[in-house]
Amino acid sequence: MASRRRIPVSPEDQAANASLRRKLGHYGSGMIWFEGEWYWGIDRLHHLERRLGANEDALLFPPRAEPTHATGGSFDMYFSLRSPYSYLAMMRAPDLARLWKAELVLKPILPMVMRSLPVPSEKRLYIVRDCKREAEWLGIPFGKIEDPVGAGVERGLAILHHAISEGKALILHRASIAVSGPRA
């Protein structure tokens, strides 16, 4: 078995790396910084490859292909009314459920800040930038940011829970997009 060579990193280097990461505006590890833009995790490397000039058919880390045939079943979608990622998912999930002949089961959750989870400003900024990049790639309108918290979210969840119990949540979702435009 081949041994792995460990590259020693001094405590000073670790501190300097963490400081630079914070200065560049990110909050976690497993990050790649390229020409002013962050790439977090393997599921974002296809964006980096495109920036580096890779052709679509030559990506080392292509996004996973979605099934093109019906598979049936159901899937649960946990989402927050405040999350840009939830917005992107909600814009596609109903169509995916129809394509797969699957039931979409909506599971709304409270936003992170209403669950007393810390959300550093670097994370908030990364999420918005990452969602904009994903939205552009997916062809989903993005940019008019709504940031409901507190009573607004609670009222929205109450209406949504009622709509879910009546089987009308997706109608409510589409109506809200039609009336007020896309939300992130």
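This is a predicted model: local features need pLDDT of at least 70, side-chain atom pairs count only at pLDDT 80 or more; totals for chains, interfaces and linings use all residues.
User: In what sense do β1 and β2 pair?
Analyst: Antiparallel, over 4 bridges, with β1 at residues 31-34 and β2 at 37-40. Strands are DSSP runs of E, at least two residues, and helices are runs of H or I, at least four, numbered from the N terminus; two strands pair if DSSP finds at least two bridges between them.

User: Which residue in β2 is the bridge partner of Trp33?
Analyst: Trp38.

User: Changing topic: is Glu49 buried or exposed?
Analyst: Glu49 is buried, meaning under 20% relative accessible area with a 1.4 Å probe, protein chains only. Glu49 has no salt bridge, defined as a side-chain nitrogen of Lys or Arg within 4 Å of a carboxyl oxygen of Asp or Glu.

User: Where is the backbone nitrogen of Leu60 relative to Glu49?
Analyst: That nitrogen lies 2.6 Å from a polar atom of the Glu49 side chain.

User: How many residues are in the largest nonpolar core?
Analyst: The core has 10 residues, including Met77, Phe79 and Leu160. Such a core is a set of buried Ala, Val, Leu, Ile, Met, Phe, Trp, Tyr and Cys residues joined through side-chain atoms within 4.5 Å.

User: Which helix gives the largest share of this core?
Analyst: α3, with 3 residues.

Note on methods:
Residues are numbered from 1 along each chain as its sequence is written. Side-chain values use heavy atoms; hydrogens and water are left out. Buried means under 20% relative accessible area, exposed over 50%, partly exposed in between (1.4 Å probe, protein chains only). Lys and Arg count as positive and Asp and Glu as negative; His and the chain ends are not counted. A polar contact is a pair of N or O atoms within 3.5 Å; within protein, one must be able to donate a hydrogen and the other to accept it, and residues adjacent in sequence count only if both atoms are side-chain atoms.
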